[in-house]
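Take a look at the structure below. This report goes through its strands, a metal site and a pocket.

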Amino acid sequence: MGKKVNKPILVAGVGISFILWFYNSLSQHILEVGEWGLLSAISLGLGFWWRKGQKEMTNKPLPVTRLTEQSVRDVITQGELILNTLATEAPDCDISVFKQKLIQLSLGFDRQELTIALAGGKKVGKTTLKKILLAQNISNNISLIEIESLFKETKIPKIKADLILLLITGDLTNSHWKFLQKCNQDHQRFILVFNKKDQYIPEERSLILEQVRQQLNSMIAPSDVIAISAAPQVLKVRQHEENGIIREWTESQPPEINSLSDRLKLVLELETKMLVLGSLWREAVSLKQQAKANLNGIRRDCALPIIEKYQWIAAASAFANPVAALDLLATAAISSQLVIDLGVIYQQKLSFSQGQALSGIIGKLIVKLGLVELSTQTIGSFLKNNAITYIAGGTVQAISAAYLTRLAGLSLVEHFQDQDLDSSTIEEIDLTKLPQKIRRVFEKNKRTALVQNLIQQTLPHLSN
Ligand SMILES: Nc1nc2c(ncn2[C@@H]2O[C@H](COP(=O)(O)OP(=O)(O)O)[C@@H](O)[C@H]2O)c(=O)[nH]1
Ligand SMILES: [Mg+2]
């Protein structure tokens, strides 16, 4: 492989020196350290910070820091920052509604009225409990809402409430657990209500209660897991009278929810401020994300022509100097200058060596994920099967180079999009999700129509 790299492969701006450096100085080590080790080495060596992926599906919820008024105000400020950037980069974009909503949020810190949502599966007693709580008139400041169909769809619905009462009637299921974990991460306060306790004998009941408390102990206090009976079953009573006659009748039982009402009163008394902070935080984050999505859309429109420009450069140079080694194609296709140019659009100021490092990492990932081979195969067989007449030597390489440049560029766009506006220091760029992003971009772009389109667009760039 090394022998092939004697002459410059690509024309100006396409990181030739880097390719040479990459393969000459590192090729020995590549085989020795694992892929991830190599990536870490590159990223550390060139000033990136590589964060190892967190293990998903662990049984412990991710730790969340306690909200403060300041941290909520910070999110609102970040939202404003994005809006101002949006106003600068896209003066035609109407941001007044967003602005208004953010201002509204910053006025909401002293809110006293709270919304409490009753949620859970079907027939767990939400409506019944809501009626009783309303009748008890726990506070004048609360409104109760019932959330239907919590687990009907795979996607957890957004609930607009300051406090959630999640009703269960037995063990915690996986859906419950996922829902509560999401609540926890969203600073969404909840109380777990184990309803229909009358359906269990006392031993079972306390076993379930104990287990659920154990499962949730890193999220809520044991006193936030409460067993109630919103509508206990009627009792059948049978009496044998002296004259041999047996009398039978039913006795309805009063609801047993006092432990819940007491807990609610206490939570309202002690936690109103925190409940409001949680809601403000969720709304601010959501507004910020919407504004960011708008900004990303506008920036993407600027990024696409740049990616295309480098696509044609890569195609033309691979066509002029076809390389047999597939791996080289990947590295060659990703120009450091493309990385830097895209960085400018996303306000990520990268030095040339940082651009080189990032392009090297992406090239390596593309090779590692087997995408070079996959795309050359796809393109090769496509050319064969579609009777495209103009197939000179190097055509497949050229189109592959264009294709890989596109993949790399689009992956970078996804990567830059996820960076916070105020974390422009390159040391803090988190590359953990890069492989996943490249894979996703590839999946999206491998459809026949897109490949065909790319081939048709590339061919004219190859003549002379
Ligand atoms: N045994 C028993 N049944 C209950 C209890 N709470 C509610 N139910 C019954 O469960 C059924 C569904 O209640 P409902 O409030 O409509 O559930 P929802 O679908 O969650 O709103 C009704 O027949 C209620 O009477 C309880 O504590 N014990
Ligand atoms: Mg109901």
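Strand E6 (residues 235-240) and strand E7 (residues 246-251) pair in the antiparallel sense over 6 bridges. Strands here are DSSP runs of type E with at least two residues, helices are runs of H or I with at least four, and both are numbered from the N terminus. Two strands count as paired if DSSP finds at least two bridges between them. Leu235 stands opposite Glu251 in E7. E6 and E7 form a hairpin, with 5 residues between them. In the turn, Gly244 has a positive phi of about 90 degrees.

This is a predicted model: local features need pLDDT of at least 70, side-chain atom pairs count only at pLDDT 80 or more, and totals for chains, interfaces and linings use all residues. Residues are numbered from 1 along each chain as its sequence is written, chains are lettered from A and ligands numbered from 1 in the order in which they are written, and side-chain values use heavy atoms, leaving out hydrogens and water.

Next comes the sheet. Its 5 strands form an open sheet in the order E2-E1-E3-E4-E5, with parallel pairing. E2 and strand E5 (225-227) are the edge strands, and each pairs on one side only. Strand E1 (residues 114-120) runs parallel to E2, and 5 bridges join them. One bridge links Ile116 to its partner Leu144 in E2.

What coordinates the magnesium ion (ligand 2)? Thr127 (OG1) and Glu146 (OE) do, at 2.1 to 2.2 Å. Thr127 lies in helix H5 (residues 126-136) and Glu146 in strand E2 (residues 142-146), so the pair ties together parts that are 19 residues apart in sequence. Donors are N, O and S atoms within 2.8 Å of the metal (3.2 Å for Na, K and Ca); water is not among the atoms, so sites may look incomplete. The table gives the exposure of both residues.

| Residue | Relative accessible area | Class |
|---|---|---|
| Thr127 | 40% | partly exposed |
| Glu146 | 22% | partly exposed |

Buried means under 20% relative accessible area, exposed over 50%, and partly exposed in between (1.4 Å probe, protein chains only).

Now the pocket. A pocket is an open set of points on a 1 Å grid over the protein atoms alone, where a 1.4 Å probe fits, with protein on both sides within 12 Å along at least five of seven lines; lining residues have an atom within 4 Å of a point. The second largest pocket is lined by 21 residues. Arg66, His187, Arg189, Met219 and Met274 lie nearest its centre. H8 gives the largest share of this lining, 5 residues.
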